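Subject: Structure handover

Hello,

Please find the structure below. My notes on it come after.

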Amino acid sequence: MDGAVLRAQGLAKEFRGFRAVDGVDLAVAEGSVHALVGPNGAGKTTLFNLLTGFLKPSAGSIRLGEHDLTGRRPEHVARLGVARSFQITSLFPQMTPREHVELALASPTGLTWRFWRSHRTLDRHAARAMELLDQVGLAAHAAIPAGTLAYGHKRALELALALALDPRVLLLDEPTAGMGVEDVERTVELVRKVRAGRTVVMVEHNMTVVASLADRVTVLQSGRVLAEGPYAEIRHDPRVISAYLGDADAVH
Amino acid sequence: MILSRLAARPILLVAGLFLALVLPWMIYPPVAMDIACWALFACALDLLLGFTGLLSFGHAAFWGGGAYVAGLVAVHSGLPFPVAVLAGAAFAAVLAVPIGYLSVRLRGIYFAMVTLAFAQMVYFLVNQWRDLTGGENGLQGVPRELFGLDLSDSFVYYYVALPLVLAGFVAVWRIVRSPFGRVLMSIRDNTARAQALGYPVDRYKLLAFVLSACLSGLAGGLFAIGHGFASLESVYWTTSGQAVMMVVLGGIGTLWGGVLGAALVVELNDYLVTAGFEGIGIVTGTIFVLIVLVFRRGIWGTARHLLETRSGGRGASPGDRPPGGAPDGSPAPTEGVGSPV
Ligand SMILES: Nc1ncnc2c1ncn2[C@@H]1O[C@H](COP(=O)(O)OP(=O)(O)O)[C@@H](O)[C@H]1O
Ligand SMILES: [Mg+2]
């Protein structure tokens with residue numbers, strides 16, 4: 001597929017003989033929303049960890065546009081424009097949401113090398129940080145330690161952090177997991193808003209969300225690609241229905 | 001600016017400064033100087049242990065390296081002692097670059113073991129290179145030169161050296177409360193998240209390591225000049241262990257705790273030595289174990305925790321409290337981040 005911004009070829013990850021990701025080819029079109037679905041244990045999170053450099057592939061390659069991402073460190077991948085959220089919320093419990101986002105905004109600036117300056121110099125990102133927090137609906141909770149936030153708010157902060165990096169490709173690992181209906185709707189709206197000018201890859205179990213957002217869907221099972229195509233096609237694929245969609249519909 | 005910042009916790013700062021100024025009137029001046037040097041050493045180590053989440057067991061290389069280089073410069077050049085001390089600090093920083101480069105990527109106990117191994121190599125070299133270092137006898141006859149002033153009185157030396165010690169404390173305090181310090185604490189609390197935000201964590205840890213080593217070298221240099229010699233013991237692993245003990249005793253990640261721990265350990269050692277007591281290690285070791293068992297956060301950390309929970313308030317800045325649990329604050333190793341679900 002031409003116009004792919006993110007492309008994995010023959011990607012594999014082996015954990016002590018167990019192949020969690022087993023020869024995955026993935027091409028994500030520039031500007032698209034690409035959903036990754038599949039039962040628990042299918043290897044979706046492992047695939048994200050490979051794409052973002054948190055795991056080194058046992059085989060295969062990853063390209064972002066003209067860059068070769070294979071074997072790069074996570075911070076390098078982030079700098080090149082691939083930001084991620086974590087399935088298991090991953091924050092700094094003692095920092096406030098505003099401090100989180102300020103830190104994310106400061107990361108490309110070099111300001112954070114200045115050990116002789118006051119940490120208040122990070123305040124220069126406060127306005128933009130509040131904007132982003134407002135966008136994800138966290139403005140009212142900007143000043144309390146992240147460890148004390150409600151679950152839904154922690155998820156929102158995950159999203160704000162990824163957005164703060166203004167990435168070319170945004171990888172979201174189950175952004176709506178465990179959310180109530182209202183929060184799910186807000187997240188869908190938000191993804192719709194922020195997809196402009198970028199590419200989104202999301203792991204998502206909620207088929208309503210997939211149907212309303214995704215341009216294409218890749219179905220993963222046991223570390224392999226079971227099917228790939230537009231949602232309208234995928235949902236009728238008998239293999240997919242028996243492997244996954246059938247019981248996902250039953251769940252949701 | 002600076003004044004308003006100081007006003008944030010004025011009582012502690014004023015009390016600390018007052019104590020630093022009157023200390024040689026209260027106790028034997030050479031002991032006061034020892035406390036000041038060890039306190040700076042402990043704070044420099046806390047920068048790594050408490051704020052970056054790295055337990056170095058090799059800081060004797062930097063304290064001792066600073067001591068020897070300061071001593072050598074003073075002996076051979078006759079330059080004023082602050083120049084010699086700064087040369088020692090610079091040497092410690094330079095020495096920390098290769099050691100840090102090879103060790104900061106390791107986690108937890110591996111980092112501790114590798115820093116220990118490097119420090120023992122430094123000890124070996126110092127011991128072998130007798131012509132320069134005096135081997136087991138240490139480097140003797142280090143002068144205290146400052147524009148012809150008579151500094152032979154320890155009481156006078158304390159006050160002349162105090163500004164350098166205080167400058168070291170200010171440096172640690174500044175680093176902890178800088179944008180850089182904020183990144184260190186984020187690495188300590190959640191390495192994977194810091195990486196996902198685009199921070200090259202190993203390079204940040206390396207700079208933290210070098211800064212910590214530099215300030216340890218400053219402390220070691222002042223110590224050597226104060227004693228008039230650099231001892232082989234200063235580069236031995238027990239020195240690293242003693243500094244770690246001071247930080248843990250006082251409270252990891254509190255800065256003040258390092259000062260308190262240093263004062264207690266130095267005082268106790270001095271008391272036992274003057275009492276002609278033999279097994280000093282047994283006594284300090286036992287007290288250490290007891291205190292750590294009873295006060296998990298160290299003395300300062302426990303006191304502050306009690307005050308905070310009593311008043312129910314959240315303290316000051318985010319890094320102001322100790323990291324929960326393990327000294328290696330990174331919760332998730334790079335392999336397997338994001339969890340298997
Ligand atoms: N670090 C790891 N070590 C060993 N096995 C792992 C590791 N990470 C994931 N796995 C295994 O790989 C498989 C895929 O996991 P994961 O990628 O989290 O699935 P998904 O996100 O699709 O639910 C699971 O069987 C999981 O147990
Ligand atoms: Mg997963």
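This is a predicted model: local features need pLDDT of at least 70, side-chain atom pairs count only at pLDDT 80 or more; totals for chains, interfaces and linings use all residues.

Residues are numbered from 1 along each chain as its sequence is written, chains are lettered from A and ligands numbered from 1 in the order in which they are written, and side-chain values use heavy atoms, with hydrogens and water left out.

Metal site

The magnesium ion (ligand 2) is coordinated by OG1 of T45(A) and OE1 of Q87(A), at 2.0 to 2.2 Å. Donors here are N, O and S atoms within 2.8 Å of the metal (3.2 Å for Na, K and Ca), and because water is not among the atoms, sites may look incomplete. T45(A) sits in helix α1 (residues 44-51) of chain A, and Q87(A) in the loop between β6 (82-84) and α3 (97-106) of chain A; the two are 42 residues apart, so the pair links distant parts of the chain. Helices (H or I, at least four residues) and strands (E, at least two) are DSSP runs, numbered from the N terminus. T45(A) counts as buried because its relative accessibility is 12%, and Q87(A) counts as buried at 11%. Buried means under 20% relative accessible area, exposed over 50%, and partly exposed in between (1.4 Å probe, protein chains only).

Chain B as a whole

Chain B has 15 helices and zero strands. Of its 341 residues, 53% are buried. Take the contacts (heavy atoms within 4.5 Å) in chain B between residues at least 6 apart in sequence: 79% of them join residues at least 24 apart. The accessible surface of chain B is about 14,500 Å², and carbon and sulfur atoms hold 72% of that. Accessible areas come from the Shrake-Rupley method with a 1.4 Å probe; for residues, only the protein chains shown count as cover.

Is L48(B) buried or exposed? L48(B) counts as buried, because its relative accessibility is 0%. L48(B) lies in helix α3 (residues 29-49) of chain B. Leaving aside neighbours within four places in sequence, L48(B) is in contact with G53(B), L54(B), S56(B), H59(B), A208(B), F209(B) and S212(B). S178(B) is 130 residues from L48(B) along the chain, and their C-alpha atoms are separated by 15 Å.

F277(B) is in the loop between α13 (256-274) and α14 (280-294) of chain B. F277(B) counts as partly exposed because its relative accessibility is 43%. Not counting residues up to four places away in sequence, F277(B) touches L272(B) and V283(B). F277(B) and R182(B) are 95 residues apart in sequence and 45 Å apart in space, C-alpha to C-alpha.

Positive phi in chain A

Most residues other than glycine have a negative phi. R16(A) is not a glycine, yet has a positive phi of about 40°. R16(A) lies in the loop between β1 (4-15) and β2 (18-29) of chain A, and is exposed, with a relative accessible area of 85%. D166(A), also a residue other than glycine, has a positive phi near 45°. D166(A) is in the loop between α5 (151-164) and β7 (169-173) of chain A, and is exposed at 57% relative accessible area.

Regards
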